[in-house]
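Try each task before you read its solution.

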Amino acid sequence: MIGRFIKTTSTAALIATFALVSAQPVTAAEGDAADPNTGAISVGGGVDFVTQYWFRGIAQENQEVIAQPWVELGINLYESEGVFSSVDFNVGIWNSLHSGPSGTGAGGSMWYEADFYTGLSASISDFTVSVIYTAYYSPNTVFATTQEIALKFEYDDSGLWENLGVNFLGFSGLAPYALIAFEFDGGADGISGEGVYLELGIAPGFELAFVENYPITITFPVTLGLSLSDYYQAPNATTGLIEDDAFGYVTFGVEAGVPLAFIPSRYGEWEFHAGVYVIVLGSNVKNAANGVVTNGDSAEVFAKFGFSFSY
């Protein structure tokens with residue numbers, strides 16, 4: 001049985017936040033080329049299929065089918081042309097469904113994980129600051145519920161590179177961000193005591209427009225996960241004492257995405273995406289995964305593909 005170190009959003013994820021922008025009214029003559037959603041409310045969703053599921057470097061599953069559907073509602077609360085440009089609210093659910101060993105559990109269900117989240121974000125110039133609450137819950141009771149509050153800081157550096165005249169292969173910037181999460185109930189490592197998690201990342205991006213209406217976006221995400229306090233805990237093999245490892249993991253990846261432009265825009269904007277990643281593990285998470293997902297290796301390769309939409 002694979003749990004969260006056995007416990008529980010990749011990734012990035014992960015936690016998804018949609019940018020809500022204003023648009024002019026759509027006329028009939030504009031057809032599908034115009035954005036049909038002119039309001040302050042947006043919806044989004046999608047599903048990913050992964051060969052291995054790692055939560056912040058902690059092994060979850062690597063057997064059979066792993067499907068991860070999600071859906072989100074966003075509301076633009078404020079928007080202007082000034083430096084303080086927008087305030088957005090979002091709420092959603094992210095899931096992980098497993099047909100492998102972790103998809104049974106005491107509940108006898110393949111519904112391994114359901115993450116309920118809500119957040120508030122504000123954009124000031126090229127910076128976005130978000131406050132996010134997440135409850136990590138296991139419907140088949142493989143792991144105990146964990147709750148956390150996270151702060152996320154993002155910087156849109158695309159304008160910086162544009163001003164410098166850097167436009168190599170449609171380079172869109174590094175997209176740096178930092179996230180710090182404070183557990184206040186339960187723990188991702190499955191050991192008593194709430195932890196504090198720090199994540200740092202970049203995702204250099206390029207847009208390749210080989211075919212009209214089907215530009216290919218290539219990104220190279222790098223994510224570093226660290227424990228600031230009691231996040232990657234494990235018993236010392238010699239003393240038996242619980243010790244925290246500051247280094248959790250680092251991932252290197254390459255991702256590609258292409259819009260599904262053949263779908264009429266009245267059904268939203270759709271995308272197909274895929275990626276391949278290498279994850280390098282810290283000692284505590286490596287030891288916890290040994291014999292479960294890895295064979296004592298410090299690095300693993302995994303892949304994903306999926307579809308997403310926004311409206």
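**Exercise 1.** Find the strand that holds Val-91, and decide whether Val-91 is buried, partly exposed or exposed.

*Solution.* Step 1: Val-91 lies in strand 5 of this predicted model. Step 2: the relative accessibility of Val-91 is 34%. Step 3: buried requires under 20% and exposed requires over 50%, so Val-91 is partly exposed.

Step 1: Val-91 also belongs to a nonpolar surface patch of about 1,000 Å². Other members of this patch include Ile-41, Leu-73, Phe-89, Leu-120 and Tyr-311. Step 5: strand 1, strand 4 (66-79), strand 5 (84-98) and strand 6 (111-124) each give at least two residues to the patch.

**Exercise 2.** Describe the chain as a whole: how many helices and strands does it have, and what share of its residues is buried?

*Solution.* Step 1: the protein chain has 2 helices and 19 strands. Step 2: 42% of its 311 residues are buried.

**Exercise 3.** Work out how strand 19 pairs with strand 1 and with strand 18.

*Solution.* Step 1: strand 19 covers residues 299-310 and is antiparallel to strand 1 (residues 41-50), with 7 bridges between them. In this pair, Gly-45 faces Phe-309.

**Exercise 4.** Locate Gln-52, decide whether Gln-52 is buried or exposed, and list polar contacts of its side chain.

*Solution.* Step 1: Gln-52 sits in the loop between strand 1 and strand 2. Step 2: its relative accessibility is 10%. Buried means under 20%, so Gln-52 is buried. Step 3: the Gln-52 side chain has a polar contact of 2.8 Å with the side chain of Trp-54. Another polar contact, of 3.0 Å, links the side chains of Gln-52 and Glu-300.

**Exercise 5.** State how many residues the largest nonpolar core has, and which elements give two or more residues to it.

*Solution.* Step 1: the largest nonpolar core has 30 residues. Among those with the most contacts inside it are Trp-54 and Ile-279. Step 2: the elements that give two or more residues to this core include strand 2 (53-55), strand 7 (127-137), strand 18 and helix 2 (283-289); strand 3 (58-61), strand 4, strand 6 and strand 10 (177-185) complete the list.

Methods: Residues are numbered from 1 along each chain as its sequence is written. This is a predicted model: local features need pLDDT of at least 70, side-chain atom pairs count only at pLDDT 80 or more; totals for chains, interfaces and linings use all residues. Side-chain values use heavy atoms; hydrogens and water are left out. Helices (H or I, at least four residues) and strands (E, at least two) are DSSP runs, numbered from the N terminus. Buried means under 20% relative accessible area, exposed over 50%, partly exposed in between (1.4 Å probe, protein chains only). Two strands pair if DSSP finds at least two bridges between them. Patches are made of residues with over 30% relative accessible area and no salt bridge: like charges are joined within 9 Å, nonpolar side chains (Val, Leu, Ile, Met, Phe, Trp, Tyr) within 5 Å. Accessible areas come from the Shrake-Rupley method with a 1.4 Å probe; for residues, only the protein chains shown count as cover. A salt bridge is a side-chain nitrogen of Lys or Arg within 4 Å of a carboxyl oxygen of Asp or Glu. A nonpolar core is a set of buried Ala, Val, Leu, Ile, Met, Phe, Trp, Tyr and Cys residues joined through side-chain atoms within 4.5 Å. A polar contact is a pair of N or O atoms within 3.5 Å; within protein, one must be able to donate a hydrogen and the other to accept it, and residues adjacent in sequence count only if both atoms are side-chain atoms.
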